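Here is a friendly walk through the model you are about to see. Keep the sequence at hand as you read.

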Amino acid sequence: LLLSHRSRYNSPTTEVVFLAVSDDPAWIKENLGKHKDVQFGWEYSQGKVADTDMPGFDMCLLAACNHSVHTYGTFGLWGSLFAGGDVIAATGTNADANTEEDQIYKRAAMDSWVYLDVRDVINIREVTYIQ
């Protein structure tokens, strides 16, 4: 999701840094670590933030961002809401049913949000919700 839409933010004159946070840092390091424009939240906290305080630290990092890309879960949703700016959000993370998040996105239909249906990862498509 992040990697396929980085061109929305990068241009010949601007190169952004993508900041990744997760409750599974090993997974994001393995899957996103090869990209030079991706950095990880825990790299800024090592030796400075207790493990028990990491969720709060990660939320503060997300809230300080200009824009957001998130997959699923209320943590990323709240981080995107706190940050403001443009948001790319995944819908259809449950192939069998609409999730509560899908319903929230449909009802809110926020202007600065782009919704991507990820049910078919080969054919990710943008979804438009109208209020």
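By class, the lining of the largest pocket is made up of 26 nonpolar, 14 polar and 5 charged residues. For this tally, Ala, Val, Leu, Ile, Met, Phe, Trp, Tyr, Cys and Pro are nonpolar, Asp, Glu, Lys and Arg are charged, and the others, Gly among them, are polar. A pocket here is an open set of points on a 1 Å grid over the protein atoms alone, where a 1.4 Å probe fits, with protein on both sides within 12 Å along at least five of seven lines; lining residues have an atom within 4 Å of a point.

Please bear in mind that this is a predicted model, in which local features need pLDDT of at least 70 and side-chain atom pairs count only at pLDDT 80 or more, while totals for chains, interfaces and linings use all residues. Residues are numbered from 1 along each chain as its sequence is written, and side-chain values use heavy atoms, with hydrogens and water left out.

**The pocket**

The largest pocket has a volume of about 1,600 Å³, where volume is the space filled by probe spheres set on the grid points, which are joined across faces, edges and corners. Its lining counts 45 residues, and Ala-20, Val-21, Val-69, His-70 and Thr-71 lie nearest the centre. Two or more lining residues come from each of strand S1 (18-20), helix H1 (25-32), helix H2 (41-45), helix H3 (54-63), strand S3 (68-70) and helix H4 (74-83). Helices (H or I, at least four residues) and strands (E, at least two) are DSSP runs, numbered from the N terminus. H1 gives the largest share of the lining, 5 residues.

**The chain as a whole**

The protein chain has 5 helices and 6 strands, and along the sequence they follow the pattern β-α-β-α-α-β-α-β-α-β-β. How does the radius of gyration fit with a compact globule? A compact globule of 131 residues would have a value near 14 Å, and the 15 Å of the protein chain agrees with this; the radius is taken over C-alpha atoms, and the globule rule is 2.2 Å times the number of residues to the power 0.38. Those C-alpha atoms fill a box of roughly 45 × 35 × 25 Å along the principal axes.

Of the 131 residues, 34% are buried. Buried means under 20% relative accessible area, exposed means over 50%, and partly exposed lies in between (1.4 Å probe, protein chains only). Among contacts (heavy atoms within 4.5 Å) with a separation of 6 or more, 40% join residues 24 or more positions apart.

**A few residues to look at**

Here are some accessibility values to compare with the structure.

| Residue | Relative accessibility | Class |
|---|---|---|
| Val-87 | 1% | buried |
| Ala-109 | 8% | buried |
| Gly-85 | 34% | partly exposed |
| Thr-14 | 38% | partly exposed |
| Lys-29 | 40% | partly exposed |
| Cys-60 | 54% | exposed |

Val-87 sits in strand S4 (residues 87-91). Leaving aside neighbours within four places in sequence, Val-87 is in contact with Ser-68, His-70, Ser-80, Ser-112, Trp-113 and Val-114. Val-87 and Ser-112 are 25 residues apart in sequence, and their C-alpha atoms are 6.4 Å apart in space.

Gly-85 belongs to the loop between H4 and S4. With the neighbours within four places set aside, the contacts of Gly-85 are Asn-66, His-67 and Ser-112.

Lys-29 is part of helix H1. Beyond the neighbours within four places in sequence, Lys-29 is in contact with Phe-40, Trp-42 and Glu-43. The C-alpha atoms of Lys-29 and Gln-39, 10 residues apart in sequence, are 9.0 Å apart.

Ala-109 lies in the loop between helix H5 (100-108) and strand S5 (113-117). Most residues other than glycine have a negative phi. Ala-109, however, has a positive phi of about 40 degrees although it is not a glycine.

**Cysteines**

How many disulfides does a search of the whole structure find? The search gives 0 disulfides, a disulfide being a pair of cysteine sulfur atoms within 2.5 Å.
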